[in-house]
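Colleague: Could you walk me through this model? I would like to go element by element and then look at the pockets.

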Amino acid sequence: MKWQVVDSYEEMSSVAAEILLSAIRKTPDLVLGLPTGKTPEGMYARVVAECRRGSHCFSDVKTFNLDEYVGLSPWHPSSYSSYMKQHLFGHIDVREENINLPDGTAAWAFERHPGITHAEALELECMRYEDAIARAGSLQLTFLGLGRNGHIAFNEPGTPFDTRTRVVTLSESTKRANARYFPGGVTPDKAITMGLGTISESAAIILLASGESKREAVSRLRSGEVSPDFPASILNRHHDVRLIVDRAAAGD
Ligand code: F6R
């Protein structure tokens with residue numbers, strides 16, 4: 001694992017944006033794994049600014065988001081689909097058919113299989129998502145944020161390392177951290193997330209962490225521990241991971 005400690009959130013965002021853009025320059029039909037949350041907002045803003053300057057940026061790129069809330073349609077203002085439109089997809093030349101997020105309502109499954117249960121529909125959606133990643137030839141470059149409890153995507157502590165895309169129950173700490181995206185403060189209980197097995201098959205991974213609230217998780221990751229109690233620790237086993245951490249998160 002390669003560590004890079006930078007001075008600030010701004011520097012972390014610029015370094016991450018440059019990694020993303022140069023990967024696209026090198027591989028125009030890149031298959032990207034993308035996170036939501038506070039951490040990547042600065043990276044997305046820089047990518048948007050750069051892509052506005054050039055005409056050809058994401059035109060052949062395929063994207064797969066890490067997760068989506070169960071029960072929220074893509075048009076729900078607090079869905080990750082809306083987040084991605086607001087921060088990235090609405091401003092770049094990515095093709096609609098190349099954007100992939102789990103569908104938190106699994107609407108298509110109900111239409112195709114009338115009478116199935118909610119759980120069955122979501123299960124079909126998880127299978128469809130895994131299949132879509134496999135058909136794209138698997139992830140080439142995946143960006144991750146880091147949860148305070150060490151979660152990556154929505155894989156909470158205790159998640160086995162070989163998990164695939166599935167429905168998960170969010171921990172109280174994750175729901176509290178994400179309540180800011182829900183006007184009434186009530187965060188959904190469940191989400192569809194890529195599994196740790198799915199993520200670790202990405203050829204390269206960039207993990208971003210910023211701010212004091214991530215310090216404990218960053219220091220645990222630095223300890224070299226490898227345990228499902230700390231999901232991000234799976235990255236210690238991956239051969240191509242780069243961590244970009246600001247001073248506040250690194251505690252240096
Ligand atoms: C979001 C995701 C989460 C976040 C993590 C950190 O798609 O998968 O794992 O990356 O919760 O969130 P922020 O960046 O808001 O601190």
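**A walk through the model**

Modeller: Let's start at arginine 237, which lies in the loop between α8 (215-222) and β10 (241-246). Helices (H or I, at least four residues) and strands (E, at least two) are DSSP runs, numbered from the N terminus. The model is predicted, so local features need pLDDT of at least 70 and side-chain atom pairs count only at pLDDT 80 or more, while totals for chains, interfaces and linings use all residues. Residues are numbered from 1 along each chain as its sequence is written, and side-chain values use heavy atoms, with hydrogens and water left out.

Colleague: Is arginine 237 buried or exposed?

Modeller: Buried means under 20% relative accessible area, exposed over 50%, and partly exposed in between (1.4 Å probe, protein chains only). Arginine 237 has a relative accessible area of 59%, so it counts as exposed.

Colleague: Which strands stand at the edges of the open sheet of seven strands?

Modeller: Two strands pair if DSSP finds at least two bridges between them. The order is β1-β10-β9-β6-β2-β3-β5, with parallel pairing. Inside that order, β2 and β3 (residues 62-65) are joined by four bridges, and valine 31 has lysine 62 as its bridge partner in β3. Pairing on one side only marks the edge strands, β1 (2-6) and β5.

Colleague: And why is one side of β4 and of β7 left without a neighbour in their sheet?

Modeller: This open sheet has three strands in the order β4-β8-β7, paired antiparallel. β4 (67-69) and β7 (166-169) stand at its edges, so each is left with a single partner strand.

Colleague: Which residue of β8 is the bridge partner of valine 167?

Modeller: β7 runs antiparallel to β8 (residues 190-193), and four bridges join them. In β8, the partner of valine 167 is isoleucine 192.

Colleague: Which helix gives the largest share of the lining of the largest pocket?

Modeller: A pocket is an open set of points on a 1 Å grid over the protein atoms alone, where a 1.4 Å probe fits, with protein on both sides within 12 Å along at least five of seven lines; lining residues have an atom within 4 Å of a point. This pocket has 27 lining residues, and those nearest its centre are Thr39, Leu146, His151, Asn178 and Lys214. The largest share, four residues, is from helix α6 (residues 172-178).

Colleague: Which elements give two or more residues to the lining of the second largest pocket?

Modeller: Of the 14 residues lining that pocket, Pro74, Ser81, Glu96, Ile99 and Leu101 are the closest to its centre. The elements you asked for are α3 (80-87) and β5 (99-100).
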